[in-house]
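I opened my notebook to look up the ligand and the pockets in this structure. Here is what I went through.

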Amino acid sequence: MKNQFLRFIGKDGVGKPMTDFQFDSLLPVSLQTLSPYQWTPEVVIQFTWNYLKEESVSSIMDLGSGVGKFCLILSQYTKNKFPIYGVEDRNELLEVALTLKTNLNLANVTFKSQNFLKSFPYGPSHYYLFNPLYETMKGSHSIDDSKLKSANLFLHNLQTLKELLYLCPKGTKLITYHGFGGSVLPGYKVQKKVNLDLGEWIVWERV
Ligand SMILES: C[S@@+](CC[C@H](N)C(=O)[O-])C[C@H]1O[C@@H](n2cnc3c(N)ncnc32)[C@H](O)[C@@H]1O
């Protein structure tokens with residue numbers, strides 16, 4: 001992995017955000033094929049950064065950080081402006097994210113093994129969600145078969161997520177790409193909504 005990193009990124013890696021192609025080239029082939037469906041496109045990360053740089057951010061947390069693409073490329077944009085966290089409950093994805101973080105030498109990113117539905121990481125001023133509950137629905141492009149697919153489980157998880165998000169302090173912002181699974185989020189108002197070419201991007205604010 002390190003050789004590929006050096007070949008594509010070189011010594012400028014920290015200051016120069018990776019393209020989708022460059023990021024994908026660092027992944028095992030099985031995870032590359034999931035890229036268009038599971039890992040946030042670079043253009044969406046750049047769009048999110050353009051929003052965040054005008055915000056007062058204490059830290060941002062990616063709920064379901066996968067192979068770390070959102071956190072790592074955002075970190076290349078932010079240049080250590082604020083801490084970036086990711087929690088992921090698939091340890092094999094977490095391992096990939098941790099290896100990439102080391103190879104890219106991005107010190108302000110922290111990844112943790114955690115199921116956010118069981119232990120919610122309270123504290124950040126901002127959260128990011130790329131539809132992590134969708135995987136409970138039957139459909140193609142699944143990451144793996146490790147989780148049960150069930151509409152009832154999806155609804156149960158959605159309710160749990162809404163209740164956990166409700167407990168965030170007022171002013172907390174949640175950025176969703178392809179949504180959080182529902183259309184109504186109790187305790188939140190939509191602050192910004194943009195139909196990007198690749199999907200809907202929304203900022204929700206706890207009020
Ligand atoms: C659509 S992918 C997005 C990955 C990453 N946020 C990105 O934008 O590149 C959703 C991720 O959420 C993870 N996930 C789903 N439910 C989770 C849970 N309850 N706790 C932690 N991670 C979860 C999945 O394993 C998957 O890696």
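My entries start with the ligand and then turn to the pockets.

**Ligand.** I noted that the model is predicted. I looked up what surrounds the ligand and found 23 residues. The closest are Thr40, Asp62, Gly64, Glu88 and Arg90. I sorted this shell by class: 9 residues are nonpolar, 7 are polar and 7 are charged.

**Contacts.** Next I checked nitrogen atoms of the ligand. A backbone N or O atom of glycine 64 lies 2.7 Å from a ligand nitrogen. For asparagine 115, a side-chain N or O atom is 2.8 Å from a nitrogen of the ligand. Lysine 147 has a polar side-chain atom 3.4 Å from a ligand nitrogen. I then looked up the cover: on its own the ligand has 600 Å² of accessible area, and the protein covers 98% of this.

**Largest pocket.** Where does the ligand sit? The space it takes is the largest pocket. I read a volume of about 770 Å³ for this pocket. It is lined by 42 residues, and Gln38, Asn131, Pro132, Leu133 and Glu135 are the closest to its centre. Elements that give two or more residues to this lining include strand 1 (60–63), strand 2 (84–88) and helix 8 (151–166). The lining has 17 nonpolar, 16 polar and 9 charged residues.

**Second largest pocket.** I found a volume of about 150 Å³ here. Its lining includes Asp20, Tyr37, Trp39, Lys69 and His178. Helix 2 (20–25) and helix 4 each give two or more residues to the lining. Helix 4 gives the most, with 3 residues. By class, I wrote down 7 nonpolar, 2 polar and 3 charged residues for this lining.

Methods
Residues numbered from 1 in each chain as written. Predicted model: local features only at pLDDT ≥ 70, side-chain atom pairs only at ≥ 80, totals over all residues. Heavy atoms only, no water. Near = heavy atom within 4 Å. Polar contact = N/O pair within 3.5 Å; in protein donor to acceptor, adjacent residues only side chain to side chain. Areas by Shrake-Rupley, 256 points an atom, 1.4 Å probe, with all protein chains shown as cover. 1 Å grid on protein atoms, 1.4 Å probe; cavity = no way out; pocket = protein on both sides within 12 Å on 5 of 7 lines; lining within 4 Å. Sits in = over half its atoms within 2 Å of the grid points. Nonpolar A, V, L, I, M, F, W, Y, C, P; charged D, E, K, R; others polar. Points joined across faces, edges and corners; volume = space filled by probe spheres on them. Helix = DSSP H or I, 4+ residues; strand = E, 2+ residues; numbered from the N terminus.
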